[in-house]
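I'm going to look up the aromatic rings here, then a few strands.

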Amino acid sequence: MSCYYRETNMLYGGDYNPDQWPQEVWEEDMRLMAQAHIHIVTLNVFSWAALQPDEDTYDFTKLDAVMELVRANGLKVCLATSTGAHPAWMARKHPDILRTEKNGMKRKFGGRHNSCPNSPAYRTYAPRLAAKLAERYQKFDNLAAWHISNEYGGECYCENCEKAFREWLKKKYGTLEEVNRSFYTAFWGHTFYDWDDIVLPNYLSEHFVDDATGVERTMFQGISLDYRRFLSDSMLECFQLEYDAVKKFMPDIPVTTNLMAAYKGLDYQKWARSMDFVSWDNYPAPSDRPSQTAFCHDLMRGLDGQKPFVLMEQTPSVTNWLPYNRLKRPGEMRLLSWQAVAHGADAIQFFQIRRSIGACEKYHGAVVDHAGRADTRVFREVTQLGEELEKAGGLFLDGRTPAQAAIVFDWDNWWAVEYSAGPSILMKYLDAVQDFYQAAFALNVPVDIISTEDELLPYKVVLAPLLYMVKRGYEEKLTDYVRQGGTFITSYFSGIVDEHDLVDVGGYPGRLRELLGIWVEENDALPQGEHNAFSYCGRRYPADILCDLMHLEGAEALGVYEEDFYAGMPALTVNQYGKGKAYYVGTHANEAFYQTFLEQVFLQAGIQPLQQTPFGVEAAVRENVRGRFLFLLNHTPEKKTVVLEGRYEDLLAGRIYQDHEELEIEKKGVCLLREL
């Protein structure tokens, strides 16, 4: 049974905004959705202004009509609470709801994500509306899920947030003495004597923009890191208020909010623990690589114990906010949709069903374009995908990815790395993770994305790139994993600080030193365009961004630097520890290195590729009680040939392939195979 909507077939649909259209258009929309095999609509995402025209009045007349219409036409509903943008009257009567920017500027009404998460007014009116909606529509048997707010994000630096931040710190640290210790306020005489001495870290206090680079910096990493955590927690509390309001009336209907993949602002691993299922919005740029999109799917799947997720939004054709909004080429929407299913999606949905005619999203793609016709290229492609999903039925639902390798991803670490005062502005956490993920993707080795709280023992190989922050106790978890036979990989500038961004003294990599069998003495940050070099497996690779100058303390050097005063010092090491191994990649290299390195590590760990494929053809697998399913996705503009390893049934073409038989995949094509 699917984790989403408790359905027996994969649902297909998207955001529908009938309140933007006269009622005579609605019936035509019902006809077009049926033609496109659409089964579900997300309603009421931005309707707060229409639902509540003043403090005491609620008007559900139009929403009632829409709810009745979609029910009569056999459509299921994912009902949103509309709280992603507050009404104008609320900003006028309750200015505490307006956000304050990092520079101290108080915003006026406008935009979206425009509500302060610590505003008393917002925390009163938002859950109240959610409760009224749940109470009103609890009898609707086609209500399949709840959608709280929309794409939470942004920041606020108002007085309410400052007061709430002090209370958050009191709860976390207990005493001012502990706050002073954790923030290292002895530096520059920043000692706090009273809780009211603590002010927000923004451009009025600790933050500044480096004139030379344009990069935002902070002078006190500890307080800036905690404010990131606080803002994420504040918005999560707002989500929880609405969640509880809905559950009071509809305890059995699952609740979600749409996430945004690798969104830096919110700790989604913490958020997922409060959501009934994970959903997210996939909007890759035309220049994004297939591995980047696959990583986002795997990241979302990993938020909730590798359970399936919902693709809540994608465009069927074009976005509207990029500098150049290029059309999805023929077959591209289908390819990206099946890639989502291959990596764990149990439902496919679009933004939007009908294209709006005004404001900033009027040129964003839709199932039904401004022409309002069913004979457009996009509508035909949407219909084809609907037919294929209908044909597949529930075959893939609740399918899991049988990964033997995992990458540790941690929002705290991401924030801390990029708040770090040195050694290099080129050091980006997401890029470091992608270096290793892209290599595994190219090798057709499935990877789970896990948190620091997840178990390690189920995996043969665990990677934690740029593990700058090692939280108390995590080194013991890693050590135990390797001791019992696991293979661990980390990279440059790891093991440096604890969870407060305080350096672990005694030599880098801190509490990972014994496990890795090395001691890092210095870090050489190379300016953009400069590089050193090292050799591995008979090939020479560049060493750039950061070069860790290390000494062996039991580890073996697999590659050494070739240039500068540290020529001959280890650049790449492996340490035998207990029954396992721990690798340290002491510098940043190129794509060829990461692929060669992981290929060797996976081979030694007994991890095999899912399928050998030509360049540009992705292989992914899902397994459930109905079988093992191989997805072959051709991301290139050319026809490709794959020699299959095993016997398979082609689920779309209805034919059987024998072991070692050739299979041709059209450009931007998809093959869905069931193992026999």
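This is a predicted model: local features need pLDDT of at least 70, side-chain atom pairs count only at pLDDT 80 or more; totals for chains, interfaces and linings use all residues.

I started with one aromatic cluster, formed by Tyr263, Tyr268, Phe295, Phe409, Trp411, Trp414, Tyr429, Tyr437 and Phe441. Rings of Phe, Tyr and Trp (its six-membered ring) pair if their centres lie within 6.5 Å; planes under 30 degrees apart count as stacked, over 60 as edge-to-face and the rest as tilted.

Residues are numbered from 1 along each chain as its sequence is written, and side-chain values use heavy atoms, leaving out hydrogens and water.

I found 44 aromatic pairs in the structure. In one of them, tyrosine 536 and phenylalanine 593 have ring centres 5.8 Å apart and planes at 75°, so I logged the pair as edge-to-face. Tyrosine 536 is in strand S17 (residues 532-536) and phenylalanine 593 in helix H17 (residues 591-605), 57 residues apart; strands (E, at least two residues) and helices (H or I, at least four) are DSSP runs, numbered from the N terminus. Both residues are buried, meaning under 20% relative accessible area (1.4 Å probe, protein chains only).

Next I checked tyrosine 541 against phenylalanine 593: the centres are 5.4 Å apart and the planes at 65°, so this pair is edge-to-face too. Tyrosine 541 counts as buried because its relative accessibility is 2%.

Last, I looked at strand S2 (residues 40-43): Ile40 and Thr42 on one side and Val41 and Leu43 on the other are all buried.

Technical notes. Buried means under 20% relative accessible area, exposed over 50%, partly exposed in between (1.4 Å probe, protein chains only).
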